[in-house]
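Here is my note on the model, as numbered points. Please keep the structure open while you read.

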2 protein chains.
Amino acid sequence: MKKYSEMNKEELLTLKEQLDQQYAEVKAKGLSLDMSRGKPSAEQLDLSMEMMDVLHSGADLKCETGVDCRNYGVIDGIPEAKRLLGEMSEVDPDHIIIYGNSSLNVMFDSIARSMTHGVMGNTPWCKLDKVKFLCPVPGYDRHFKITEFFGIEMINVPMTVNGPDMDMVEKLVSEDPAIKGIWCVPKYSNPQGYTYSRETVERFARLKPAAPDFRIYWDNAYSIHHLYDDKQDFLVEILAECAKAGNADLVYKFTSTSKVSFPGSGIAAVAASRANLEDFRKYMQIQTIGHDKLNQLRHVRFFKNLDGLHEHMRKHAAIIRPKFEMVLDTFERELEGLGIGEWTKPHGGYFISFDAMDGCAKAIVSRAREVGVKLTDAGATFPYGKDPRDSNIRIAPTYPSLEDLEKAVQVFVLCVKLVSVEKLLEKA
Amino acid sequence: MKKYSEMNKEELLTLKEQLDQQYAEVKAKGLSLDMSRGKPSAEQLDLSMEMMDVLHSGADLKCETGVDCRNYGVIDGIPEAKRLLGEMSEVDPDHIIIYGNSSLNVMFDSIARSMTHGVMGNTPWCKLDKVKFLCPVPGYDRHFKITEFFGIEMINVPMTVNGPDMDMVEKLVSEDPAIKGIWCVPKYSNPQGYTYSRETVERFARLKPAAPDFRIYWDNAYSIHHLYDDKQDFLVEILAECAKAGNADLVYKFTSTSKVSFPGSGIAAVAASRANLEDFRKYMQIQTIGHDKLNQLRHVRFFKNLDGLHEHMRKHAAIIRPKFEMVLDTFERELEGLGIGEWTKPHGGYFISFDAMDGCAKAIVSRAREVGVKLTDAGATFPYGKDPRDSNIRIAPTYPSLEDLEKAVQVFVLCVKLVSVEKLLEKA
């Protein structure tokens, strides 16, 4: 294969003609495919259907301490749910609060609480002139939307294969007391599928923030979401590391069963130091009469324990692994050596990250949409939706059927080629 | 019966001796009874057990528009849930957003949103020097806790049998732009069981607030919670009244199935004008990936429609009516004519409100607790927990068994008598 950048104008024009022809053919098919969101497929959801049966009209709906889960009470989670999500989070149940159906909501509420009430007695952020967050990029669009919504200034920190650029994180966090947090998806990161290295986690745990109310927002969304039995990433448990470093209060760790059982009907949890949890509870006990304990009970009775969760996640992997592999095979076959794109090869999570030539991502997404293939918006993986290089595209292979995905990836690859040729012709 | 206030010192001392004797006997029994919270009894919860069966592993879990309720999507509620809660709220489904498991949480979030983002483009409350709320008293403790938590100054407005003192509400609201809201439980109010009259609702709808971001927080918690088939209160629907008065945006109306199905595992809703709902949605779409649609589907398939809800509520009434009647009978038999207490006789809701002689409520609650009967804290029905007359006590008859309740009410009546005698002896 010849690199596109090494082609002369004539070669590029010939290539463009072929690609234009292919694009017209695809357009004629009138496709309607969606590769935009990290949603499980219906086949994956079927895996949890028996969870619908574990609570029935004849079932005992008391939790292990004898509390009737049908009634008011138990603000921060039934003990068996704390144990299950504790195991999933690798944290003692005493350091867990169980929430409602969405960990995103818990993260949002954490920011909202910090705005109006401050963190552990510190000044509420709404009383400060400036609040800033560090945002490893590319990252999760919905994290960035939350901080943007509250008027928090976001600072990009480049991701590496080992996690965020820790030299930059350490420098900024230690110098600027306006920096109050950092968004992290530390395992099988969104969108790259990278897992923070041991050194990265240790450096996080040893941070010396200028702000006493700085917290690491550790969104461990894909902690047990492996694609392979034999190739699994390992993430050092951060609460223990922080405690060891004398920084017990430094981190909020979020998790949920959204992509384990049913998105939107799962249960979420926070793991943190006792002092942080006390801060959370002060807010919770005014905010709510408690979360859905029946759904907590339903999850515990279905999954039982960590082994049950792992067994279940292997079934998910069996469904989505072929999709990831097909996408990666197609990229390799169609794009390897052309110099017009790079992509990650994750061992878990929900995404593949694709970096096109600079200035091409928006055009690729738009070209794909024109022929009926919906991708995550270009720029979505950056704060304010602005990818400075206009290069990154998040590929979400899980939701479409393998057959649909194959068509969609073909279109994607075609659009990458077409837009790249056009970009090179601009300069030729 | 002779009024206590007409007894001379000697009579009072003789009476006190008898009552002290009875109190000592009760104490010896070592009771442990709870009349403190508005919780349904286990028997009531049993009424909804078949709801656990309507979604099962073989069920179709799509809503009527074909959306798979097991997956992400549909931020503001499935259509059939909007219709069901719309019927319950007497509002068109287009004016409904379905929330999670607790309407209290929705109210809290409404205040939190107003603090950080303001109401429909108005200045966020956290940027104002002073924010005030009107609080009809006695009222619901958890409402007052929310406004207190956000540092909002609360102003007591006396309740009457027809609702809050509307002369006072109109005057304050039209004069003071710092007043941003009023807490209302308009039907079978907490704790008195009063229902706002037609005139009260019409005057609410015609309010001319000085603050453009003033809203009525209309917590219609007991809209279908009748005790009787033949004696039911009627509440004028406020959204329509506000629209008629050219004040469409004036009200947020909250409802939930907490005391219909399972507290903590129900569904909640807000009804409001389109402009208000747009304001809510802007927040929601950043805050959450959507609420639990499976639980929405579960509720709709179990209750089906308003008739189903009413039929179900009649079963609740059959269980709790005897409890209310027993309490009221006991009060009448034991206290009528003594001049030491007055109480309400509600047609629905969850509470009876008891007004002791001034300065006696705290002592009564404390005396009852001393012999094992837990009552709602005296003062809880007032902002900051401060009942200026120390008179009001909320009676919650639903949770204990009829047998336990009978014992508890006997203790309560005894404590009312004892504390009243002691109070009169202070002055005698």
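1. Tyr196(B) counts as buried because its relative accessibility is 2% (buried is under 20% relative accessible area, exposed over 50%, partly exposed in between; 1.4 Å probe, protein chains only). This is a predicted model: local features need pLDDT of at least 70, side-chain atom pairs count only at pLDDT 80 or more, and totals for chains, interfaces and linings use all residues. Residues are numbered from 1 along each chain as its sequence is written, chains are lettered from A and ligands numbered from 1 in the order written, and side-chain values use heavy atoms, without hydrogens and water.

2. Trp218(B) is buried too, at 0% relative accessible area. Tyr196(B) and Trp218(B) make an edge-to-face aromatic pair, 5.5 Å centre to centre with 85° between the planes. (Rings of Phe, Tyr and Trp, the last by its six-membered ring, pair if their centres lie within 6.5 Å; planes under 30 degrees apart are stacked, over 60 edge-to-face, the rest tilted.) Tyr196(B) lies in the loop between strand E6 (179-184) and helix H8 (198-205) of chain B, and Trp218(B) in strand E7 (residues 215-219), so the pair ties together parts 22 residues apart in sequence. Helices (H or I, at least four residues) and strands (E, at least two) are DSSP runs, numbered from the N terminus.

3. Over all chains, the structure holds 48 aromatic pairs. One of them joins Phe354(A) and Phe412(A), edge-to-face, at 5.0 Å centre to centre and 85° between the planes. Phe354(A) is in strand E11 (residues 352-356) and Phe412(A) in helix H14 (residues 402-427) of chain A, so this pair links parts 58 residues apart in sequence. Phe354(A) is buried at 0% relative accessibility. Phe412(A) is buried, at 0%.

4. Which residues have the most contacts inside the largest nonpolar core? They are Phe331(A), Phe412(A) and Phe331(B), in a core of 190 residues. (A nonpolar core is a set of buried Ala, Val, Leu, Ile, Met, Phe, Trp, Tyr and Cys residues joined through side-chain atoms within 4.5 Å.) A second, separate core has 112 residues, including Met88(A) and Val169(B).

5. Chain A can be laid on chain B by a turn of 180° and a shift of 0.0 Å along the axis, with an RMSD of 0.0 Å. (Superposition is by least squares on C-alpha atoms of residues with pLDDT of at least 70 in both copies.) The two copies are therefore related as by a two-fold rotation axis.
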